Amino acid sequence: MDELIQQIENYKGEIGAFQAENAEAVEQFRIKYLGTKGLVKMLMGEMKNVPVERKKEFGQILNEFKQFTETRYEELRQSKSNGNGTATSESGTSIDITLPGDEIPVGSHHPISLMRDRMISIFQRLGFAVAEGPEIEDDWHNFTALNLPEHHPARDMQDTFYISTNPAWLLRTHTSNIQIREMQKGKLPLRIICPGRVYRNETVSARSHCFFHQIEGLYVDENVSFADLKQTLYFFVQEMYGNDVKIRFRPSYFPFTEPSAEMDISCQLCGGSGCNVCKYTGWVEILGCGMVHPKVLENCGIDSNKYTGYAWGMGIERPALLKYGLNDIRLFSENDQRFLKQFTSAI
Ligand code: DAH
């Protein structure tokens, strides 16, 4: 017992004389004397071996020793903080608080979002409102109401993802379902654009994907004509690609429009002289369009003798590829930060 008290005295001498060169040495001190497996804890453990009549005396000695060690630790810590903007953290490591802070990384807009927003803003200036609809859709809104007959190949399992537990539901194959939902509301005239994601059962490659994005447009009113449609799309193309771009309409077929057309623009990569993007034709197809089929209007409760309408459906990925000079649609969905962070500003 007396031996132990003598030893504590010796430790005091050792601690009093302890010199710390740097913050690491201060930390070593803390671990050695004040840590969970340190000397102070160890001596506290000795308490149980002390005879009852001396417990009080020994307890006092121990408390004093603990305080002494803690005070010394504080002194050492203070001395390693030089007062010139260097602080010592809890763990004893010094931090220069005058250094500039770490930059907080800010995210960037996805190129598809940038392209979508740009398209929306052009049509909004013409008075189109944005409408949205569900990605999980029923067969009627995606196909039947749009005059797609039962045997139409687009309804095939090969082309469409059906919900396995209830095949009456599917992942919409186009944003045309939103046309139907909006027309059903019965508020006319109707002038909307419908951006959204669509799904098709396609093999993923550089040119096609099992999901992509579209913007649908719809205008229903009295006396809406194909000339109005052409004028609207011409305005869009000039705003998007500049005044030099040429457009052409080719007759086409969609069950939900009559007449139907596809619209091409002169290739933005080669200027129309021919390259592998335009397959050496000088033209790139960007959308399908037409006058809303009277049956589609009637399916939504609209009097097709009184009202006419035009519509179009346009992909977002292809114009984005053209705009940024990219050649692989998969880049948009791989989430590679090196690719994504290049798109920081509006286009
Ligand atoms: N829904 C068509 C598609 O996904 C695109 C389309 C064509 C939409 C003509 C329309 C339209 O509204 O009038 O290929």
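Start at the second largest pocket, which holds about 290 Å³ of space. Here a pocket is an open set of points on a 1 Å grid over the protein atoms alone, where a 1.4 Å probe fits, with protein on both sides within 12 Å along at least five of seven lines. Its volume is the space filled by probe spheres set on the points, which are joined across faces, edges and corners. This is a predicted model: local features need pLDDT of at least 70, side-chain atom pairs count only at pLDDT 80 or more, and totals for chains, interfaces and linings use all residues. Residues are numbered from 1 along each chain as its sequence is written, and side-chain values use heavy atoms, without hydrogens and water.

Now select His110, Ile112, Arg197, His213 and Glu317: of the 18 lining residues, these lie nearest the pocket's centre. Lining residues have an atom within 4 Å of a point. Next, colour helix H5 (111–124) and strands S6 (190–199) and S7 (211–221), each of which gives the lining at least two residues. Helices (H or I, at least four residues) and strands (E, at least two) are DSSP runs, numbered from the N terminus.

Move on to helices H3 (residues 39–46) and H4 (residues 55–79), packed at about 175 degrees with axes 11 Å apart. Axes are lines fitted to C-alpha atoms, for helices over the stretch in contact, and angles run from 0 to 180 degrees between N-to-C directions. H3 and H4 are therefore roughly antiparallel (over 145 degrees). Show Leu39, Val40, Leu43 and Met44 of H3, which contact (heavy atoms within 4.5 Å) residues of H4 including Phe58 and Leu62.

Conventions: Parallel < 35°, antiparallel > 145°, perpendicular 65-115°, else oblique.
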